[in-house]
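Here is a short tour of some packing and pairing features in one model. Please keep the sequence and the 3D view at hand as you read.

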Amino acid sequence: MIDYVGNFKVVPSLPKKLEPLRYIAKNLYWTWDKDTVALFRRLDKDLWESTYHNPVQLLGSITQQRLNEVAKDDGFLSHLNRVNDNLKTYLKGSSWFQNKYKKNKDTTIAYFSAEFGLTECLQIYSGGLGVLAGDHLKSASDLGIPLVAVGLNYKEGYFQQYLNNDGWQQEKYDIIDYHNQPMELEKDSEGNAIKISVDFPKRKVYAQIWRIEVGRVKLYVLDTNIKDNNPKDREITHGLYSGTIETRIQQEILLGIGGIRALQALGIEPQICHMNEGHSAFLALERIRHLQKSEGLSFEQAKDIGFYSSIFTTHTPVPAGIDIFPNELVEKYFGDFYRNELKITDKVFYSLGTILGEKNPPNFNMAHLAMKMAGYVNGVSKLHGEVSRKMWVEGFKGVPFNEIPIDYVTNGIHIRSHLSAEMEALLYRYLGDGFINSIDDKEVWNSIYEIPDEELWRTHARRRERLVAFARKRLRKQIISQGGSQAEIDGAGEVLDSTVLTIGFARRFATYKRATLLFRDLERLIAILNNADRPVQIIIAGKAHPHDDAGKKFIQDVFEHSKTPELRKRIVFLENYDMNVARYMVQGCDMWLNNPRRPLEASGTSGMKIIANGGLNFSVLDGWWDEASTHEVGWNIGGREEYKDLEYQDEVESNLLYKTLENNITSLFYKVEKDGLPREWIKMMKNSMSQLAPVFNTNRMVQEYTEKFYLKANKNRKDLVENNWKMAKDFTNWKANLIANWDKIKFVSVNNTESGDEFKIGSKFNINAEVSIGNLTNEDVEVQIYYGKLDNVDVANENSYETMKCVNCEDKSGTFKYEGSINCNSTGEFGYTLRILPKHLLLINQFELGVIKWVSEIKE
């Protein structure tokens, strides 16, 4: 490798009147502002496409002659000035957060994610997790949330997919030129790159910081490909989800520990940290170290402060989706850190990597670390919250299932980022400014019904036509690259039909998503797709992980089916699924198919993107669709069944899939009135748009995160920091005293004060208890009656509790009397028991300290 002795940067030479283009290109607001995209397309349409919609590269590639031409074009200059003014107005304008939560304006929330899907030219994402993170930032910008984000700047990003002539997935990796991307290197006042370092075994690893502007939000991504590092360390940020397990822990140290240090190097001290998946969980350790060093706090004090100001969002429904590192590898990278910096023992440190209470855990679980370090934990749909509680129930011994402290915030999508320009113009015309400013307002979306059926249908049909043209063009390129014959190349122009019911299926080709379920009965599928009166066509796309041969086999099967004479014109597989391919598909498909094995889809968001574009969903009741589905807005594949026999499940659900297509979906789509419009289908389109769009979007989602978690975490942090961290120190002492004395707590007696065993509706069942709490006070604990129907004792969300009242609180003996009652509001046979839990105003939930005392013997 040749070492250059110096470097220099070449930038576009823009005429003075065009200088705002440089500013506009560097802010990703253009990714959801259609007028800005139209401006760049106006510069050079072909170059816009060939640069893969990268305005920075566009400006660096366009001829000087063309720049000089548009600098004299009054129409272009007027368009430029309008876009520039709109961007400035957006950045300085008032926002939801500013208007509603002025007192929290000095808050800083740091959002960490291993990937961010913001636009197709910026390849620092692999799929749904990254696109969700990108949409989170865009809505945070729209809402004015005081949020910064941290990620990694991958030199190769995620792989580019292509299929060989046997249909087997191949991977290639493109080098990303950061200087031709919409990002800027952070520099100090002397023009030098700002760098941070993290400690690795016997060396330091350095990283520089790139800034990406996402509307009002700044995303900082770290890059180790600099001369300060040895050749191997320069490759740490080479690829996303690539390399060895050691590469993975290196990346996660850089993301978590390095990410906190990067913010501090930029003068940013976040009060709240949000971990989007467990990849960044090491940040909690760095926050502790920083507080110990800068504030003189103990490990436990600093840990408590971090706990009450951190959020962890889990996206996986199975343990296999979690990063787990062997202790030997963790010791290699953290031995000196926990001994010399955190000043704790190996026993204490390794206990952080498990919620199972193991004495000597063999591995370090990153999700468990995040759960132990974050007071607020959530899944990404209502069903996924329940699935997460099941997955981690062993970590909450003695806690009733429905009270396991894992909440949920259902995912959403940033609607304007995934909406076609034509549909946005139509919605703006009938929904008005509220569509832009209050995209989660149900009243605004009710105006959908005012749109004439013919206008809505014509707008959607136009996007289907564009999708078909795009698919044909893409397929032609694929066939050429695979060495196809001239007949095959010419045949690409004959596939699909822009008037036919078009189904989209696009996602990661993990086996649980069952991409081949559709092909289980080929004869039946062929009959459906080639029905002379009600034909159907399917566009499929998706990548398998480079090491997932089973997923690659699914792709190969789809590829082979699409080449058969019976299906060649009705099924197309599009290579290299990314945000651009997804945009064409969600904007042009009539229906989105999703058939994972319930409950393995944590949320899923691709089906949400079709809603505002006028598409309908056909899905298993899993993830977000389990909350959204009604007969007015789409179709289900089965009910809420879960199977042990997977072969039987596939047989049942494939049959339901075919049956629904044959009897319900195609018949409705092709039920055309005299004016040529499928008005009943259009009614479902409007129902879906009006009922689902205002709910399943990231504006609603980010508002929910703000009001459920961010504001509460911010209050916690403010309370803890006052008077030189007095509350933090007092709480840590209180907690240590409570845990030290917990085993001394006991029930002395429990009695019900009523005679007989039958009680009428509206009456009360009264209970009193005597409790000995040793050296604690009655203010330290809460005594509760836990009750429910005997038949439902193990059914989630069926049981309740009532807090009992202390009636001799002044007693100094340490034994207190409590009274309470159960309201008899429904008939049936009930059971009850009593429990004691910790009580403190700082506790987010009463189970977080890991102690609970149930009454073991009731004395009548």
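Predicted model: local features only at pLDDT ≥ 70, side-chain atom pairs only at ≥ 80, totals over all residues.

Residues are numbered from 1 along each chain as its sequence is written, and side-chain values use heavy atoms, with hydrogens and water left out.

Helices (H or I, at least four residues) and strands (E, at least two) are DSSP runs, numbered from the N terminus. Axes are lines fitted to C-alpha atoms, for helices over the stretch in contact, and angles run from 0 to 180 degrees between N-to-C directions.

| Helix pair | Angle between axes | Axis distance |
|---|---|---|
| H10 (residues 245–265) and H13 (residues 327–341) | roughly 30° | within 10 Å |
| H28 (residues 646–669) and H29 (residues 679–692) | about 100° | 7 Å |

H10 and H13 are therefore roughly parallel to each other (angles under 35 degrees). On the H10 side, the residues in contact (heavy atoms within 4.5 Å) include Ile249, Ile253 and Arg261, and H13 brings Tyr333, Phe334 and Phe337 among others.

H28 and H29 are therefore roughly perpendicular to each other (65 to 115 degrees). Here Ile665, Leu668 and Phe669 in H28 meet Glu680, Trp681 and Met684 in H29.

Now to the hairpin. Strands E3 (residues 160–163) and E4 (residues 169–172) run antiparallel and are joined by four bridges; two strands pair if DSSP finds at least two bridges between them. Gln160 sits opposite Lys172 in E4. Five residues lie between the strands, and Gly167 in this hairpin takes a positive phi near 85°.

Technical notes:
Parallel < 35°, antiparallel > 145°, perpendicular 65-115°, else oblique.
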